[in-house]
Amino acid sequence: MRKRIQQAIMSTSAARSSTLVLAALSAGTLALACTASLSDPPGGAAAGSPSTPPGAGAPGSGSTPSTGTSGGAGPSAGTTGGTGSTPPGGTTGGTSTTPPGSTGGTASPPTTMPPPTTSTPTPEAAGPLVLLRLTNREYNHVVSDLLGDTTHPADEFPDDEAGSGGFVSPTNVALLNAQHYEETAGTLAEAALAANKLQIPCTNPAANAEATCAQNFINQFGKLAFRRPVQAAELSGLSSLFTTARGLGFDFKSSIAQVAKAILQAPGFLYHWEIGPSKGTPQNGVVALTPYQVASRLSFFLWETMPDAALIAAADAGQLSTPEQVQTQAERLLADPKAQNVMENFHTQWLFLENLANLQKDTAAYPLFSDTVRQALVPELKSFTSSVILNSGDGTLKSLLTAPYAFVNAATAPIYGATASGTGLTKTNLDATRRAGLLTQSAFLSSRAGTSESNPTYRGVAIFKQLLCGTVPPPPANVPDVQPPAANLTTRQRYEAHDMNPCATGCHTRFDPYGFAFENYDGIGAYRTMDNGQAVNAAGSAPTPGGGTLTFNNAIELANALAASDEVKWCTTRQWFRYMLGRMETSTEQGSLELAYRAAAQNPGFSIRDMLLSTTRSMAFRSRAVAAGETF
């Protein structure tokens, strides 16, 4: 990297810029590209970063659902061997190795069923804090809040990778990432300077006051960008960078912009490791997160962006040290419209819906599908999940899976047999005998389908793995393809014939029956009673990972059975923890999981909102395990 920068010095202007970059590198304020997982926090000890699972790819790239079938019914983005059971990132849903650097805990909790709520709770502990960089979504939200930039520059970055928990949790910075960070930092800083968004604390200072003003800017802007106070070594290095810029002929404000460019490429900006003035004191192998780490974990967990002024003020005042203080802030964050971003992101990844923005359909088979329909799918998902879990709803899993309404516009209403006008989405009550919650809405049904037909495997895998935390072994190499459409054969009949093959039985019989429950819905989610000239059969029964059986006559009955299932409630709790932690849960976090589950279970409908609030109170959220070899 240094050699590449030095070779770029071709002219006076290039020399000035390159000298500044080299100065920043010498000061340790720029992040270099790495080809391996970054397990050492900036200025701290190893955090235990997991390696990317084999076969991990870019979730949501292209229009193909991120899990295909093991019988060749469709390609699979980011999976190994085309298996229909692999979530984004190639994880297997219920098992994982402990991230390197962890000092305690095995993989996920040993049971698929929650402990009885009447039993003695497992004592709380904490697992490793993985060193993660900003996701592309987080980067966009942060630069919007920090600089007022709404151009979504990270949309042009390489796709983020999923971590061991199945959710996007990038740890690596490849050379291409570093190049994008460098270029984008320059563009953002220059644009912010031109628009007076850098908030320089003084204007046209006297020559003998410039250094002081620059340091004030570094402390103020750096604290926002780093989500904690600027450390002495950072202040010194960035101050030297300002001096270097002035010496190269940049005027005062342009020199400030050079400092801003360095801050936007610094580890403190790009990574989640907001240590603060001290790292805390370990007790029994666990150390409490600093107030600034808690503030950032709260804001990125519930908002997908940097802490606001109130959170930073609470961290400054030491008011994020108790569970009650943290929950108070969490309640405030969930009441803010920014929380809708997380509702969209979690449910998109949880249910394998990453392809919504690029979804392609055969319009000859589905004339109701259009660009306008495609553009409404993500807002539909975001509006519905937010209406249930955030302030306006009851916050329960039951409503998420069974509420008979959706948000529709003139383009999507016909898919639901409803009417609406305009392009804006309107909450619309639907036929309760045909629609029940998120799984019977077009966002799920159209994403988990082929381009010209429904796909029971796509839909069944999402239920079995993501709602029930089931695991599926890799498919054998000789699994045959599903028979193509044929006269007088329904989709279900073709898939049932495929599943009778000895090579497919052990795999597909676990999840295809769940997919058959949705055969009343075509490839874009429109309701149907006939398929290829025959009556649809949506009845069936399916095994659960915990040894139970769910029996149903259609998707409505299945949705209600899932909403009432303790396995689903326990799995939903675990999935939210995986999303929050950026990795698989470990056995050390069993106690925190149990407390979150019990908080939700006090509501007969299982309150996701209460579960999220309990999560933020937990030791797993507010603490971390001491990494191997870490010193204090």
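The structure is a predicted model, in which local features need pLDDT of at least 70 and side-chain atom pairs count only at pLDDT 80 or more, while totals for chains, interfaces and linings use all residues. Residues are numbered from 1 along each chain as its sequence is written, and side-chain values use heavy atoms, with hydrogens and water left out.

Side chains of opposite charge can pair when their charged atoms come close. A salt bridge is defined here as a side-chain nitrogen of Lys or Arg within 4 Å of a carboxyl oxygen of Asp or Glu. By this rule the model holds 23 salt bridges. One of them links arginine 137 to glutamate 344, with the closest N and O atoms 3.1 Å apart. Arginine 137 belongs to helix 3 (residues 136-147) and glutamate 344 to helix 12 (residues 339-350), so the pair ties together parts that are 207 residues apart in sequence. Helices here are DSSP runs (H or I, at least four residues), numbered from the N terminus. Glutamate 344 counts as buried at 13% relative accessibility, and arginine 137 counts as partly exposed at 27%; buried means under 20% relative accessible area, exposed over 50%, and partly exposed in between, with a 1.4 Å probe and protein chains only.

Another salt bridge joins lysine 338 and aspartate 145, whose closest N and O atoms are 3.4 Å apart. Lysine 338 lies in the loop between helix 11 (323-334) and helix 12, and aspartate 145 lies in helix 3, so this pair connects parts 193 residues apart in sequence.

Aspartate 531 and arginine 528 also form a salt bridge, at 3.6 Å between the closest N and O atoms, and both residues are buried. Threonine 491, in helix 18 (residues 491-499), touches Arg528 and Asp531 among others; contact means heavy atoms within 4.5 Å.

A disulfide is a covalent bond between the sulfur atoms of two cysteines. The criterion applied is a pair of cysteine sulfur atoms within 2.5 Å, which gives two disulfides. In one, the sulfur atoms of cysteine 202 and cysteine 213 are 1.7 Å apart. The torsion about this S-S bond is about -140°, so the disulfide is left-handed. The other disulfide joins cysteine 469 to cysteine 571, S to S 2.1 Å, and is right-handed, with 85° about the S-S bond. Cysteine 469 lies in the loop between helix 17 (456-467) and helix 18, and cysteine 571 in helix 21 (residues 566-581), so the link ties together parts 102 residues apart in sequence.

Definitions and conventions. Helix = DSSP H or I, 4+ residues; strand = E, 2+ residues; numbered from the N terminus. Lists of a residue's contacts leave out its neighbours within four places in sequence.
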